[in-house]
Amino acid sequence: MATTRAHPEKTETEVVYDETAEVDVECGSAAASQGPEAGGGGCHAGAAEMLRAAKNAGKSELLDQYAKDYPQGPHDQPQSMCPAFGSLRVGLRMKRTATILSGSACCVYGLTFTSHFYGAKRSVGYVPFNSETLVTGKLFEDIRDAVHAMADPAKYDAIVVTNLCVPTASGVPLRLLPKEINGVRIVGIDVPGFGVPTHAEAKDVLAGAMLHYARGEAEAGPVQPMANRAGDRPTITLLGEMFPADPVAIGMLLAPLGLAAGPVVPTREWRELYAALDCAAVAAVHPFYASSIREFQAAGRPVVGSAPVGVDGTAAWLRSIGTATGASEASIGAAIEQAVRPIKAALEGAPVKGRITLSGYEGSELLVARLLIESGADVRYVGTACPKTKWSDADREWLESKGVEVRFRASLEQDLAALEAFEPDLAIGTTPVVQKAKQKATPALYFTNLISARPLMGAAGAGSLAQVVNAAIQGKERFETMRDFFEGVGAGDTAGVWQGDPVVNDSFRQKQRRKLEIDAKRRADLEAPVGC
């Protein structure tokens with residue numbers, strides 16, 4: 001309900017919706033509170049400068065938690081898309097959920113373009129800003145007005161407001177937004193590129209924030225139940241996005257234990273969050289959902305890593321789930337025996353032959369590698385942009401026991417080095433890895449569209465990869481034919497058809513190289529010790 005408040009020094013009145021304006025806000029120095037945008041750097045100020053500005057603007061606690069949840073090493077950040085795409089996509093997939101972005105216009109354009117390219121069918125809200133509204137705090141007021149204007153309970157259960165890099169660095173305090181308006185929940189998150197390394201982990205930022213909100217609601221009193229709960233059987237919540245057929249396959253594997261597959265987190269509607277929290281255990285299929293795992297543990301739910309992929313993976317996972325839920329040894333043994341027989345038959349009926357390197361940024365890379373190895377493939381290298389966690393230990397240890405090199409937070413350079421070193425029959429990876437492989441006449445498959453978009457669990461997953469992988473490996477001759485056909489047309493700056501010999505103009509590269517050398521020397525001088 002809007003009210004008016006009179007200013008003692010002014011004659012006009014101000015329309016207010018809540019008591020946010022009365023809250024004392026602690027600020028750092030004037031320069032810090034203004035953030036990088038006020039200094040002219042904006043989103044081009046660099047990660048280190050924006051991180052410093054954000055901490056000075058009151059975001060230290062948040063960024064310290066991100067550093068624990070999503071550690072960056074060994075290098076600063078994997079080369080992938082803007083991380084905020086992950087949280088944006090989660091919100092756009094949820095029913096009755098609106099999304100508002102606060103960030104630089106170029107970033108918002110890129111994020112909305114990419115989200116609609118991947119099939120989003122609803123609009124994305126945007127609160128624009130300039131240096132003045134950022135410095136004066138008017139941006140926060142504009143965001144608050146936007147959520148009040150959108151908070152229609154007939155349309156929405158929740159509104160997600162996301163700070164991108166510049167508003168986060170400037171300390172825009174989304175925590176001061178109302179928790180709900182007219183029954184519509186308001187969830188504010190910060191997803192800066194300098195604090196969240198990958199878009200896969202940004203999905204956890206939003207999922208964890210929603211679970212935290214829903215847990216508070218459930219602890220406060222009765223909440224709305226799901227319409228299609230799995231009878232009276234205890235459920236296993238599945239953590240991490242997966243192919244739609246996989247939860248069905250997992251449910252069939254759990255049935256002999258007297259369990260059922262619960263919701264998949266991130267969920268598709270708000271009330272699924274309550275059912276996800278009301279589970280017997282959590283299966284961390286994607287092991288890097290640190291914020292979500294923290295919420296489940298706060299609710300007293302045990303967490304189990306890995307997933308039911310292949311014979312060994314399925315047997316180990318069912319034993320872990322059975323142990324976590326207190327199932328008898330007899331029922332665990334019966335469930336394993338019933339599950340592995342059809343999986344083994346499917347693997348034997350669809351063998352994979354060939355040497356493979358694998359990399360990606362979705363989070364399921366280790367699981368795919370396990371399945372390929374049990375299918376007969378010679379997997380030499382697995383690189384994932386996601387971090388190493390204790391929930392991925394079982395998969396890592398199994399792969400390393402098979403002689404596989406496993407790299408967490410793998411860089412593009414490491415993925416390309418593996419391509420050169422192992423000379424695979426097939427490279428599965430991100431776009432630049434696939435591009436490099438095809439230039440070498442090596443068959444390659446894009447992980448996101450061609451591998452992760454297939455079932456992996458149970459008997460259905462056991463034979464799902466063989467057809468596409470074997471077909472790609474058998475295409476080696478076609479790649480060699482194309483390479484030979486285009487031989488002699490040049491590469492890089494000299495690519496194309498020329499009347500004479502192309503002349504490479506290296507002056508620009510030399511100029512940029514000198515600038516980098518000067519910057520490196522300046523940084524070294526600043527960091528050098530001073531004194532006697």
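This is a predicted model: local features need pLDDT of at least 70, side-chain atom pairs count only at pLDDT 80 or more; totals for chains, interfaces and linings use all residues.

Guide: Residues are numbered from 1 along each chain as its sequence is written, and side-chain values use heavy atoms, without hydrogens and water.

Visitor: Which are the edge strands of the open sheet of five strands?

Guide: Strands (E, at least two residues) are DSSP runs numbered from the N terminus, and two of them pair if DSSP finds at least two bridges between them. The order is E4-E3-E5-E7-E6, with mixed pairing. An edge strand pairs on one side only, and this holds for E4 (125-126) and E6 (180-181).

Visitor: Which residue stands opposite Ile181?

Guide: E6 pairs with E7 (residues 184-190) in the antiparallel sense, over two bridges. Opposite Ile181 stands a residue of E7, Val184.

Visitor: What is the volume of the largest cavity?

Guide: A cavity is a set of points on a 1 Å grid over the protein atoms alone where a 1.4 Å probe fits but cannot get out. Points are joined across faces, edges and corners, and a volume is the space filled by probe spheres set on them. The search finds four cavities of 30 Å³ or more. For the largest cavity, the volume is about 100 Å³.

Visitor: Which helix gives the largest share of the lining of the largest cavity?

Guide: Lining residues have an atom within 4 Å of a point, and a helix is a DSSP run (H or I, at least four residues). The largest share is three residues, from residues 365-374, helix H14.

Notes: On a 1 Å grid over the protein atoms alone, a cavity is a set of points where a 1.4 Å probe fits but cannot get out, and a pocket is an open set with protein on both sides within 12 Å along at least five of seven lines; lining residues have an atom within 4 Å of a point.
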